[in-house]
Amino acid sequence: MKEAKFYEPAIPWALPVLIVLAWQLASQSGWLSSRILPSPSAVVAAAWELSLSGELWSNLLASFKRAATGFVIGGSIGFSLGLLTGASRYFDLLLDSTIQMIRNIPHLALIPLVIIWFGIGEEGKLFLVALGVMFPIYINTHHGIRSVDKGLIEMGRVYGLSKWGLFYEVMLPSAMSSILVGVRFALGFMWLTLIVAETIASDSGIGKMAMDAREFMQTDIVVVAILLYALLGKLADVLARYMERKWLRWSR
Amino acid sequence: MTMNNKANASSSAGPDNDAGLAVSVRQVTKRFGEKTVLHSLDLSIAPGEFLAIVGRSGCGKSTLLRLIGGLDSVTSGSLAIDGKPVSGINQHTRIMFQEHRLLPWRSILDNVGLGMKGNWETVAKDALNQVGLADKADDWPSMLSGGQRQRVALARALVHRPRLLLLDEPLGALDALTRIEMQRLLESLWLRNQFSVVLITHDVDEAIALADRVVLIEEGKIGMNERVDLPRPRQRGSAQFGELTELVLNRVLAK
């Protein structure tokens with residue numbers, strides 16, 4: 001094996017830096033109209049201004065709260081249902097095919113109905129996010145609990161574990177890697193749903209900020225909003241990775 | 001006063017409480033659907049006895065062990081441990097499986113102490129020490145070799161001070177050297193702790209090296225019941241050892 005050169009960590013960054021530079025040059029030379037795409041420096045300036053005025057933070061907070069609340073609601077419903085149908089044959093028979101049917105409806109297709117039901121208030125967006133988050137967590141929790149090694153459960157019974165002990169010591173840790181896969185998928189769905197919901201109907205949040213900017217052709221603010229979503233998505237991913245490192249230490 | 005003390009001592013930690021349990025199997029039949037695995041089988045195990053059950057794959061030996069362990073129930077006949085009918089898992093019985101069945105997400109020490117309450121750590125450490133793995137207490141099971149994992153599984157079984165230890169081919173997957181090492185360990189722990197043992201194995205050599213008595217199961221019935229009266233530790237090279245192995249092996253292969 002060859003030794004890594006000191007500049008190797010920089011190589012993956014070369015292309016992005018080059019693209020941003022080219023973009024900046026194209027904007028400055030007037031070749032790229034700011035109505036199509038603002039220059040990177042203009043985007044940075046817009047972000048700075050928005051953060052100074054506090055507008056950025058209040059919108060960011062509004063979006064984040066929405067995402068988190070929807071995730072907790074949908075996630076806990078999906079998790080509980082997954083545990084129930086994964087652990088009990090009876091509940092599996094009763095619930096699983098119904099849940100699978102509902103899962104096949106693209107939840108974003110419900111937006112017109114959701115607007116009629118809830119207007120453009122908070123509830124509609126929470127509903128959509130929760131719905132989007134619920135299914136990946138449900139499916140992966142169900143699958144995780146289902147695929148617990150029967151031998152380990154038998155062992156747990158022989159070694160005197162109670163029902164709760166079996167769940168906590170054997171089933172949950174065994175299902176954890178599958179559940180966390182569900183969490184990562186769910187985080188992706190969470191942002192996607194939120195972006196769509198906020199763009200279509202909202203009175204606060206990053207999506208609202210972007211839509212207002214669009215009306216005045218402020219492409220710099222639109223790009224700031226897009227980047228913020230990317231940043232939040234990255235943040236969620238980091239969180240998911242952290243959970244994996246913490247709870248799946250044993251598998252490394 | 002002294003009488004009282006003596007009585008107390010024996011009721012709390014005396015030999016009565018730790019002694020091996022007797023097992024009695026009477027006319028036990030086990031059916032899975034159409035297939036009859038055990039046919040009216042009779043077998044007694046004395047307290048503290050080391051019994052080995054040999055037989056070909058599918059002869060029903062593992063099924064018998066699962067019945068004694070309370071993991072399955074008999075179709076007909078009766079099964080008693082220490083004179084009491086078996087109904088489910090007995091708290092004085094521990095089973096060691098062919099696979100180690102350690103929890104991969106728990107440290108070695110936590111695995112040994114699984115299901116224990118109170119001051120379990122010292123007891124678990126002591127059990128790990130008995131199998132010579134005290135230094136692995138904080139490792140994950142994935143970091144150990146196959147033989148080490150089975151030793152941990154053995155420590156996990158011993159930590160509960162079982163009075164009946166059921167071994168379902170626990171050494172089957174180990175290499176020859178590790179196997180002999182484990183057999184010696186098993187023998188010394190049994191000699192020290194005086195529990196009853198039922199060892200399922202397809203290795204006749206292993207059965208004769210360890211057991212007081214070797215039972216052969218053929219098509220769900222006892223085909224042979226041979227006492228092994230060799231002094232311990234047994235010498236594999238000795239003439240009697242060889243004769244006995246030959247005898248049992250020929251009987252196993254006869255059909």
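Reader: Where do I start with chain B? How many helices and strands are there?

Author: Begin with the inventory. Chain B has nine helices and ten strands. Keep in mind that the model is predicted.

Reader: What does the radius of gyration of chain B say about a compact globule?

Author: Compare the value with the rule. For 255 residues, a compact globule would have a radius of gyration near 18 Å. Chain B has 19 Å, so the two agree. The box around its C-alpha atoms, along the principal axes, is roughly 50 × 45 × 40 Å. Of the 255 residues, 39% are buried.

Reader: How much of the contact in chain B links residues 24 or more positions apart?

Author: Take the contacts in chain B with a separation of 6 or more. Residues 24 or more positions apart account for 69% of them.

Reader: Now the strands. How do strands of a sheet pair?

Author: They pair through backbone hydrogen bonds, either parallel or antiparallel. In chain B, six strands make an open sheet. Read the order across the sheet as E6-E7-E8-E3-E9-E10, with mixed pairing.

Reader: Which strands stand at the edges?

Author: In chain B, strand E6 (93–96) and strand E10 (221–227) do. Each has a single partner strand, so one side of each lacks a neighbour in the sheet. From one strand to the next, the twist averages 15 degrees.

Reader: What joins E6(B) to strand E7 of chain B?

Author: Four bridges, and the two strands run parallel. E7(B) covers residues 164–168. B:Thr93 lies opposite B:Leu164 of E7(B).

Reader: Which strands pair with E3(B)?

Author: One is strand E8 of chain B, residues 196–200, paired in the parallel sense over four bridges. There, B:Ala52 has B:Leu199 as its bridge partner. Another is strand E9 of chain B, residues 213–218, also parallel over four bridges. On that side, B:Val54 is bridged to B:Leu216.

Reader: Where do the side chains of a regular strand go?

Author: They alternate between the two faces of the sheet. Now look at E3(B). B:Phe50, B:Ala52 and B:Val54 point one way, while B:Leu51 and B:Ile53 point the other way.

Reader: Why is E3(B) called largely enclosed?

Author: Count the buried residues. Five of the five residues of E3(B), residues 50–54, are buried, so the strand is largely enclosed by the rest of the structure.

Reader: Which residues is B:Arg179 in contact with, leaving aside neighbours within four places in sequence?

Author: B:Leu171 and B:Leu174. For distance, take B:Pro47, 132 residues away along the chain. The C-alpha atoms of B:Arg179 and B:Pro47 are 26 Å apart.

Reader: Last, how many residues does each chain bring to the contact?

Author: Chain A brings 14 residues and chain B brings 16 residues. On the side of chain A, helix H7 (150–158) and helix H8 (163–200) each supply at least two residues. H7(A) gives the most, with six residues. By type, the side of chain A that touches chain B has eight nonpolar, three polar and three charged residues.

Conventions
Residues are numbered from 1 along each chain as its sequence is written. Chains are lettered from A and ligands numbered from 1 in the order in which they are written. This is a predicted model: local features need pLDDT of at least 70, side-chain atom pairs count only at pLDDT 80 or more; totals for chains, interfaces and linings use all residues. Two residues are in contact if their C-beta atoms, placed from the backbone, lie within 7 Å. Ala, Val, Leu, Ile, Met, Phe, Trp, Tyr, Cys and Pro count as nonpolar, Asp, Glu, Lys and Arg as charged, and the others, Gly among them, as polar. A residue is buried if 20 or more other C-beta atoms lie within 10 Å of its own, exposed if 12 or fewer, and partly exposed in between; C-beta atoms are placed from the backbone. Two strands pair if DSSP finds at least two bridges between them. The radius of gyration is taken over C-alpha atoms; the globule rule is 2.2 Å times the number of residues to the power 0.38. Axes are lines fitted to C-alpha atoms, for helices over the stretch in contact, and angles run from 0 to 180 degrees between N-to-C directions.
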